[in-house]
Amino acid sequence: MKNTTRSFRLVCAKDQIQDVEALLQAEGFRFEPQPCYDLARTLTAEPMPLGRSIAAKFGYIYIQDKSSMLPPLALAPASGDRVLDFCASPGSKTGILSSLVGPSGLVLANEPSPDRLATLRVNMRHLGCYNVATCKYEGQSLPLQDDSWPHILLDAPCSGWGTVDKNPKAAQMWAGEKTAPLETLQRELLTKAAGLLAPGGRLLYSTCTTNVRENEDQVRFAMEHLGLVPEPLTEFPGFKFAPSLPGCLLVDGEGSLAQGFFLAALGKPGQQEKSLRAPKAELPGELVSREEFSARTGLDTGWLPEHCFLRVGGRIYLILEQAAKLPAELRWQGYAVGKSAGDSILADATLRMFVPPRPDEKSLVLEQVNTIRELLSGQSLSWSGPGKRLAFYFNGLPLGFLTIKGNRCLWSDR
């Protein structure tokens with residue numbers, strides 16, 4: 001067993017924290033809470049790689065440096081808000097935004113790189129972030145209406161000087177004038193983001209570098225040329241900060257036992273008009289109602305926010321009502337939930353979002369992690385109930401569906 005100062009966060013509702021922690025503790029993991037965020041933890045004992053834990057398998061934790069958690073927390077959208085995440089992959093900050101805005105909110109996560117976009121979508125699906133819509137555009141060319149987004153996160157591409165503990169060559173790779181192209185890109189993205197930001201809205205600019213030209217100088221550019229106004233940020237508990245511009249935060253990586261990070265909140269003067277949303281777009285596919293989806297899969301989605309499903313090219317996507325209002329000129333993707341062939345719909349049994357929030361008499365509740373491990377290794381359990389699917393839980397924590405075959409049930413993630 002090794003000791004570590006690695007941080008991670010829980011990916012769950014507040015009333016599930018106790019069960020997620022119990023699941024980790026049952027496998028021998030030990031951790032301490034971080035004061036910066038109620039879902040942040042620091043490992044103190046790791047009997048095996050945390051990424052191989054059952055909690056990780058079912059998307060209930062995400063390994064993430066605690067500094068990386070700060071930008072979405074500093075943006076601080078409220079439940080039900082809409083947020084634009086400019087440079088989203090791999091989704092570590094997007095996932096926190098998803099949690100903050102909740103089921104009634106929406107995060108539009110953009111990533112221009114096809115490979116990184118694929119990673120983003122895999123991570124959002126694994127973590128159950130069904131309120132995240134994804135798209136692939138160069139940030140400077142996002143086809144969105146000006147003055148239309150009340151919350152924008154721009155975690156800009158940067159030199160990564162703050163990550164030298166993990167990337168020792170970062171400072172050398174981006175030494176001196178080598179950061180000039182990055183600085184140009186950052187200003188282009190800031191300019192576009194400033195245009196999209198709604199009056200009275202909030203833009204959070206962040207980098208994982210300590211380079212003044214990519215940090216403080218870019219904030220000055222936003223103030224002097226883009227009409228944005230700095231909004232003071234309160235220091236987060238559990239961190240030490242280095243000197244920076246008034247209101248900005250520069251994480252002292254060594255003093256905080258974390259990555260170096262820079263954060264600046266910028267506001268747009270004025271008041272937001274409520275009529276700025278674009279008209280509802282026609283979705284490019286065949287709509288499937290909740291009732292039809294339920295009839296063909298046996299899954300009840302009644303506890304989810306208002307939604308429908310979309311059949312596109314043999315895939316089925318969950319489309320929340322708020323995502324369906326995205327502008328017609330934007331090409332985006334909803335939350336993939338399964339496959340379709342002919343009239344049949346095969347929903348993914350690994351999606352715990354379809355599992356009822358609370359177990360009932362038709363569910364299987366497991367209290368021993370060894371039993372879960374046995375199921376994951378291909379072993380089956382006896383079961384005499386009806387149906388083809390069986391919702392199963394660790395205590396009160398939804399995990400997924402088991403497949404019923406005869407008088408046995410087993411796990412399948414194919």
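Visitor: What handedness does the crossing of H7 past H8 have, and why is it called that?
Guide: In this predicted model, H7 passes H8 in a right-handed crossing. The name applies because the near helix is turned clockwise from the far one by less than a right angle. The angle between helix H7 (residues 180-196) and helix H8 (residues 216-225) is about 35 degrees, and their axes are 10 Å apart.

Visitor: What makes the contact between H7 and H8?
Guide: Glu 183, Gln 186, Arg 187, Leu 190 and Thr 191 come from H7, while H8 supplies Asp 217, Gln 218 and Phe 221. These count as contact because heavy atoms lie within 4.5 Å. Sorted by class, the contact has 2 nonpolar, 3 polar and 3 charged residues.

Visitor: How do you know that S14 and S15 pair?
Guide: Pairing requires at least two bridges. S14 and strand S15 (residues 307-312) have 3 bridges, in the antiparallel sense, so they pair. Within S15, Leu 310 is the bridge partner of Leu 287.

Visitor: Why are S14 and S18 said to stand at the edges?
Guide: The order of the open, antiparallel sheet is S14-S15-S16-S17-S18, with 5 strands. Strand S14 (286-288) and strand S18 (344-347) each have a single partner strand, so one side of each is left without a neighbour in the sheet. From one strand to the next, the twist averages 35 degrees.

Visitor: Which helix lies across these strands, and at what angle to S18?
Guide: Helix H10 (residues 290-297) lies across S14, S15, strand S16 (315-320), strand S17 (335-341) and S18. H10 runs at about 80 degrees to S18.

Technical notes. Residues numbered from 1 in each chain as written. Predicted model: local features only at pLDDT ≥ 70, side-chain atom pairs only at ≥ 80, totals over all residues. Heavy atoms only, no water. Helix = DSSP H or I, 4+ residues; strand = E, 2+ residues; numbered from the N terminus. Axes fitted to C-alpha atoms, helices over the stretch in contact; angles between N-to-C directions. Nonpolar A, V, L, I, M, F, W, Y, C, P; charged D, E, K, R; others polar.
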